[in-house]
There are 2 protein chains.
Amino acid sequence: MARKTGSHSDITGPRIRAAALRLFAQHGYAAVSMRQIAAEVGVQAGALYLYTPDKQTLLFDLMDGHMASLLAAWAAEPKGDGALAQLEAFVRFHIRYHLDRPDEVFIAYMELRNLSPENFAAVEAQRRAYEGALEAIFVEGRASGAMDVGDVRLTVMAVIAMLTGVTTWYRDGGRLSREDVEAAYWRLVRGMVVGTPSPP
Amino acid sequence: MARKTGSHSDITGPRIRAAALRLFAQHGYAAVSMRQIAAEVGVQAGALYLYTPDKQTLLFDLMDGHMASLLAAWAAEPKGDGALAQLEAFVRFHIRYHLDRPDEVFIAYMELRNLSPENFAAVEAQRRAYEGALEAIFVEGRASGAMDVGDVRLTVMAVIAMLTGVTTWYRDGGRLSREDVEAAYWRLVRGMVVGTPSPP
DNA sequence: GTTTGAATTGAACAAGTGTTCAGATAATAT
DNA sequence: ATATTATCTGAACACTTGTTCAATTCAAAC
């Protein structure tokens, strides 16, 4: 036997990416075999190569697609006026977007070392572009006097690490709602950049 | 030929752990073979099994040992009086300790999914104990009125994620000294928990 | 100098790896 | 109903995987 009934290229392609995403996130790129991905889709391993040239490209497409979507979504986000309003928008956007895509986020932060040098450079460039968006907000906030930012680069890295970490502990249906979480993180970030009353 | 000249059990054991640590951190547990570890030590793959029952235990020992050392080091750290002083001690300790052991930290946060269920539970318990140390500081800080902490658990996770993230970007000999970094992060954390002047 | 025992080799095992491809099948176009 | 083509199978390729173990070698004890 060969081709299954109801098989279509435009349905199998996305299913392969979805299966790879799930399995890579759960077990890690190196620990997942092409045969496992194929089994999840209900297809033989050879069929995967109709949709991806190799395993490495499969990983790269997932990460590259995720970063591109992230940048596009932030570009399309309504930002409000003033640096503080933009910072709040960034914080809430980042949390919302990341909580909606835990597998993509996990892969994008964990599988960088499994990318070939060229693929790594491409993903890294997108990551820096995203960090640049937050950096621009801090620069403007400092210029306008709305914020008291110390080292901009360090603050960017600190805030992003803090926000992204939400995916490691937040679970839907838990003690806190997503709105609770957004508000709590915004309160923390706000405290980080609006000068404290009197340093000791 | 068999046994090499100058080979000793008490020298090979640590060298195996060191090689495994380095390779696991660089390429990931699943991507590193026992033969690669053996080659790094200058020994045949079979010899590794004099020092570890299997690959999984090798990983677990590294992670378990790291968490145990971390807890012991924090317990031995001079903490000072008052919740704010203890928080500063925690921040500085965490950064210093983690910057000194980038490979251990990387493994402890990235290879959890490669642990067997029992081993995972053991490491997770130690992680929770460490988080508990920070949680206790926040609880005391709130009780004494020295801090304005919202959700304690969320704040614990946020601060630890933020601090641990320092290992992803800090490089010795770069623009900032370790003292700069410690001071900058402490400033940020302080702002997160000492009430801001006037919420909008 | 001989015996003893720990440390290590090197080969073997069965299973799994990513990838290729000729051939088989089913949907589509005629 | 027939021909065409995109889709998928199943087997094969050469190689790597974690782990075991009899045989070998070296260092220390006597």
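A crossing of two helices is left-handed if the near helix is turned anticlockwise from the far one by less than a right angle, and right-handed if clockwise. Helices here are DSSP runs (H or I, at least four residues), numbered from the N terminus.

The model is predicted: local features need pLDDT of at least 70, side-chain atom pairs count only at pLDDT 80 or more, and totals for chains, interfaces and linings use all residues. Residues are numbered from 1 along each chain as its sequence is written, while chains are lettered from A and ligands numbered from 1 in the order in which they are written.

Start inside chain A. The crossing of α3(A) and α5(A) is left-handed. Helix α3 (residues 55-75) and helix α5 (residues 102-110) of chain A pack at about 110°, with axes 9 Å apart. Axes are lines fitted to C-alpha atoms, for helices over the stretch in contact, and angles run from 0 to 180 degrees between N-to-C directions. That makes α3(A) roughly perpendicular to α5(A) (65 to 115 degrees). A:Leu62, A:Met63, A:His66 and A:Met67 of α3(A) make the contact with A:Glu104, A:Ile107 and A:Ala108 of α5(A). Two residues are in contact if their C-beta atoms, placed from the backbone, lie within 7 Å.

Next comes another helix pair. Helix α4 (residues 83-100) of chain A packs on helix α6 (residues 117-143) of chain A at about 155°, with axes 9 Å apart. The two are therefore roughly antiparallel (over 145 degrees). α4(A) passes α6(A) in a left-handed crossing. From α4(A), A:Ala83, A:Leu84, A:Gln86, A:Leu87 and A:Phe90 meet A:Leu134, A:Ile137, A:Glu140 and A:Gly141 in α6(A).

Now turn to the interface. Here 29 residues of chain B are in contact with 30 residues of chain A. On the chain B side, α7 (152-164) and α9 (178-193) are the elements that give two or more residues. α9(B) gives the most, with 8 residues.

The largest nonpolar core has 56 residues. Such a core is a set of buried Ala, Val, Leu, Ile, Met, Phe, Trp, Tyr and Cys residues joined through C-beta atoms within 7 Å; buried means 20 or more other C-beta atoms within 10 Å of a residue's own. A:Ala158, A:Tyr185, B:Ala158, B:Val159 and B:Tyr185 touch the most other members. α4, α6, α7 and α9 of both chains each supply at least two residues of this core. Look at B:Ala158: not counting residues up to four places away in sequence, B:Ala158 touches A:Met162, A:Gly165, A:Tyr185 and A:Leu188.

Key: Angles under 35 degrees count as roughly parallel, over 145 as roughly antiparallel, 65 to 115 as roughly perpendicular and the rest as oblique. A residue is buried if 20 or more other C-beta atoms lie within 10 Å of its own, exposed if 12 or fewer, and partly exposed in between; C-beta atoms are placed from the backbone.
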